[in-house]
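The sequence and the structure are shown first.

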Amino acid sequence: MPDKPSLNDEIRELQADADQERFASPQEARKKAMDYLARREYGQTELKKKLSGAGFTREATERAVDQLTADNLQDDHRFAESFMQSRISKGKGPLRIQLELSQRGIDSGTISTVLEMADLDWAALARQVRRKRFGPGLPTDFAEKARQIRFLQYRGFEPEQVQAAVGRDDEQ
């Protein structure tokens, strides 16, 4: 006489089947993606990773994100602009922003366009970031100047911008 499955086993089996159907549904993936997008902008690649991490199948994820992009609810360009502004407000330079955007799956053409549209004086931002971290006085010895240069390079400023930030006052 075979063992009859317990009621708990039957319930678990039904729930597992429902979860499999839910995670294969592009409509469910779209709902979850819209929940994410309601909080902040996401790039396509980042949104697909979030949905996959939540358990959705690759096909459901692809279809949902493609449809959101077609409906203009998800836009890599809009995400890149928003991301860039948040990084500028944190004192990051163009090289760092470019690296972080590329790590989030944004194509180089979009990154270039967004950085050009920023129309920002990066050297002035580098000076401001240096002043905030090290005070108004310029470095007086080689070791301090090297320290400030490393800090600005880590923040993602280009060599010319770094030199403008740690150079003499009459260069500013």
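## Aromatic rings and charges

Lys50 lies over the face of Tyr36, at 4.7 Å from the ring centre, where a charge is taken to sit over a ring if NZ of Lys or CZ of Arg is within 6 Å of the ring centre and within 35 degrees of the ring normal. The model is a predicted one, in which local features need pLDDT of at least 70 and side-chain atom pairs count only at pLDDT 80 or more, while totals for chains, interfaces and linings use all residues. Residues are numbered from 1 along each chain as its sequence is written, and side-chain values use heavy atoms, with hydrogens and water left out.

Three aromatic pairs are present in the structure; rings of Phe, Tyr and Trp (its six-membered ring) pair if their centres lie within 6.5 Å, and planes under 30 degrees apart count as stacked, over 60 as edge-to-face and the rest as tilted. One of them joins Tyr36 and Tyr42, and this pair is tilted because the ring centres are 6.1 Å apart and the planes stand at 55°. Both Tyr36 and Tyr42 are buried, a term that means under 20% relative accessible area, with exposed over 50% and partly exposed in between (1.4 Å probe, protein chains only). Another pair, Phe134 with Phe151, is edge-to-face, at 5.4 Å centre to centre and 90° between the planes. This pair links distant parts of the chain, since Phe134 belongs to helix H8 and Phe151 to helix H9, 17 residues apart. Phe151 counts as buried because its relative accessibility is 15%, and the charged end of Arg133 sits over the ring of Phe134, 5.7 Å from its centre.

## Overall fold

The chain has 10 helices and zero strands, helices (H or I, at least four residues) and strands (E, at least two) being DSSP runs numbered from the N terminus. Of its 172 residues, 37% count as buried. Among contacts (heavy atoms within 4.5 Å) between residues at least 6 apart in sequence, 61% join residues at least 24 apart.

## Nonpolar cores

A nonpolar core is a set of buried Ala, Val, Leu, Ile, Met, Phe, Trp, Tyr and Cys residues joined through side-chain atoms within 4.5 Å. The largest core has 23 residues, of which Ile97, Leu101, Trp122, Leu152 and Phe157 touch the most other members. Helices H5 (76-89), H6 (94-103), H7 (108-117), H8 (122-134), H9 (142-154) and H10 (159-166) each give two or more residues to this core. A second, separate core of 13 residues includes Ala29, Tyr36, Leu37 and Ala64.

Leaving aside its neighbours within four places in sequence, Leu152 is in contact with residues including Ala126, Val129, Phe157, Val162 and Val166. In H10, the buried residues are Gln161, Val162, Ala164, Ala165 and Val166, and the buried residues of H10 pack against H6, H8 and H9.

## Two individual positions

Thr110 is found in helix H7 and counts as buried because its relative accessible area is 14%. Beyond its neighbours within four places in sequence, Thr110 is in contact with Asp76, His77 and Ala80.

Lys145, in helix H9, counts as partly exposed because its relative accessibility is 30%. Leaving aside neighbours within four places in sequence, Lys145 is in contact with Pro139 and Val166. The C-alpha atoms of Lys145 and Gly167 are separated by 9.3 Å, although these residues are 22 apart along the chain.
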